[in-house]
Amino acid sequence: MRDYELTLVVSPDLSSEKQKEQLEKIKKIIAGLKGEVKKTEEWGKKQLAYPIKGNEMGYYFLWEIQLPEKSLSEFNQKLRIEEGLLRYLIVKVEKRQKGKKAKGKGGKKDGSTLAQ
């Protein structure tokens with residue numbers, strides 16, 4: 001199982017009931033692919049950077065999910081045909097190794113930064 005972040009932009013034209021149905025349908029797709037939803041966040045209605053399907057606003061959701069790696073392409077195909085979704089983005093989450101610091105811009109190999 002791999003960890004992913006799924007960002008969904010749902011059409012603002014959907015009623016709150018239809019929106020819940022759409023999200024439940026996506027959760028069922030994940031469960032059907034032997035995955036699970038770990039965490040959900042609702043970011044609310046936001047302005048889009050550009051109109052999508054005639055919409056200038058969209059409801060944003062961020063989910064942390066787990067899916068078998070081999071199921072990702074099938075999941076992608078199923079999301080493409082969902083009518084209530086304006087856009088979605090699936091990002092693989094890399095787990096940090098314990099005891100290692102991220103190397104910052106201009107930083108030394110040990111992860112510390114230089115004073116300016």
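Guide: Let's go with Gln66, which touches Met1, Arg2, Asp3, Ile30, Gly35, Glu36 and Lys38, leaving aside residues up to four places away in sequence. Contact here means heavy atoms within 4.5 Å. Before going on, some bookkeeping: this is a predicted model, so local features need pLDDT of at least 70 and side-chain atom pairs count only at pLDDT 80 or more, while totals for chains, interfaces and linings use all residues. Residues are numbered from 1 along each chain as its sequence is written, and side-chain values use heavy atoms, with hydrogens and water left out.

Gln66 sits in strand 3, residues 55-67. Strands are DSSP runs of E with at least two residues, helices are runs of H or I with at least four, and both are numbered from the N terminus. Gln66 counts as buried because its relative accessible area is 16%; buried means under 20%, exposed over 50%, and partly exposed in between, with a 1.4 Å probe and protein chains only. Its side chain also makes a polar contact with the side chain of Asp3, at 2.9 Å. That term covers N or O pairs within 3.5 Å; within protein, one atom must be able to donate a hydrogen and the other to accept it, and residues adjacent in sequence count only if both atoms are side-chain atoms.

Now for the neighbours with charge. Lys38 and Glu36, both touched by Gln66, meet through their side chains in a salt bridge (3.4 Å, N to O). The rule is a side-chain nitrogen of Lys or Arg within 4 Å of a carboxyl oxygen of Asp or Glu, and by that rule there are 7 salt bridges. Lys38 is partly exposed at 48% relative accessibility, and Glu36 is partly exposed at 36%.

Arg2, another contact of Gln66, pairs up with Glu69, with the closest N and O atoms 3.7 Å apart. Arg2 is partly exposed at 30% relative accessibility, as is Glu69 at 48%.

What about the nonpolar side? A nonpolar core is a set of buried Ala, Val, Leu, Ile, Met, Phe, Trp, Tyr and Cys residues joined through side-chain atoms within 4.5 Å. The largest one has 16 residues, and Leu6, Leu8, Ile26, Trp63, Ile65 and Phe75 touch the most other members. Strand 1 (2-10), helix 1 (16-32), strand 3 and helix 2 (72-80) each supply at least two of its residues. Phe75 touches, among others, Ile30 and Ile65, not counting residues up to four places away in sequence; Ile30 is also on the contact list of Gln66. A second, separate core of 5 residues includes Val9, Leu48, Ile52 and Leu86.

Zooming out, the protein has 2 helices and 4 strands, running β-α-β-β-α-β from the N terminus on. Buried residues make up 33% of its 116 residues. Of the contacts with a separation of 6 or more, 70% join residues 24 or more positions apart.
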